[in-house]
Amino acid sequence: MSQTLEKRVEELERKVAALSQQSVVSSRKKDWRRTIGIFQNDPDFEEAVRRGREYREQQTYEKEIAGS
C-alpha cells in the first residue's frame with residue numbers, strides 16, 4: 001500500500017478503460033439459434049399464435065368463398 005491514492009486511481013482508470021474496450025470488441029455475434037425456446041410456456045405468445053392461426057384460417061376461408 002505504498003502507492004499514493006492518485007496512482008491507484010490512475011491504475012484503476014486504465015484497467016476500466018481496457019475492460020470497456022474489451023467488452024465492445026468481444027460482444028456476442030448475433031445468432032438466431034439463441035432465440036430458440038425463449039417463448040416456451042409463455043401464455044401471451046401462445047395467445048398470439050392462436051390468434052394468428054385463426055386469422056389465417058379466416059382469410060383462407062374467405063378466399064375460397066370468393067372464388068366459388
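## Overall picture

Of the 68 residues in this protein, 0% are buried; buried means under 20% relative accessible area, exposed means over 50%, and partly exposed is in between (1.4 Å probe, protein chains only). The model is predicted, so local features need pLDDT of at least 70 and side-chain atom pairs count only at pLDDT 80 or more, while totals for chains, interfaces and linings use all residues. Residues are numbered from 1 along each chain as its sequence is written, and side-chain values use heavy atoms, with hydrogens and water left out.

The secondary structure consists of 2 helices and 0 strands (DSSP runs numbered from the N terminus: H or I of at least four residues for helices, E of at least two for strands).

## The loop and a nonpolar patch

Let's look at the loop between helix 1 (5–25) and helix 2 (43–67), where Ile 38 lies. Ile 38 is exposed at 52% relative accessible area. Asn 41 is found in the loop between helix 1 and helix 2 too, and has a positive phi of about 60° although it is not a glycine. The relative accessible area of Asn 41 is 66%, so this residue is exposed.

Ile 38, Phe 39, Phe 45 and Val 49 make a nonpolar surface patch of about 340 Å². For such a patch, nonpolar side chains (Val, Leu, Ile, Met, Phe, Trp, Tyr) are joined within 5 Å, using residues with over 30% relative accessible area and no salt bridge.

## An aromatic pair

The whole structure holds 1 aromatic pair. Its rings, Phe 39 and Phe 45, are stacked because their centres are 4.6 Å apart and their planes meet at 10° (pairing needs centres within 6.5 Å, and stacking needs planes under 30 degrees apart). Phe 39 is partly exposed at 41% relative accessibility, and Phe 45 is partly exposed at 37%.

## Salt bridges

The count comes to 5 salt bridges, each a side-chain nitrogen of Lys or Arg within 4 Å of a carboxyl oxygen of Asp or Glu. One of them joins Arg 33 and Asp 31 at 3.1 Å, N to O. Arg 33 is exposed at 53%, whereas Asp 31 is partly exposed at 27%.

Over in helix 2, Glu 47 and Arg 51 lie 4 residues apart, about one turn of the helix, and their side chains meet at 2.8 Å, N to O. Glu 54 bridges to Arg 50, with the closest N and O atoms 2.4 Å apart; this pair is also separated by about one helical turn, being 4 residues apart in helix 2. A network of salt bridges links Glu 47, Arg 50, Arg 51 and Glu 54.

Methods. Phe/Tyr/Trp six-rings, centres within 6.5 Å; stacked < 30°, edge-to-face > 60°. Patch = residues over 30% accessible without salt bridge, like charges linked within 9 Å, V, L, I, M, F, W, Y side chains within 5 Å. Areas by Shrake-Rupley, 256 points an atom, 1.4 Å probe, with all protein chains shown as cover.
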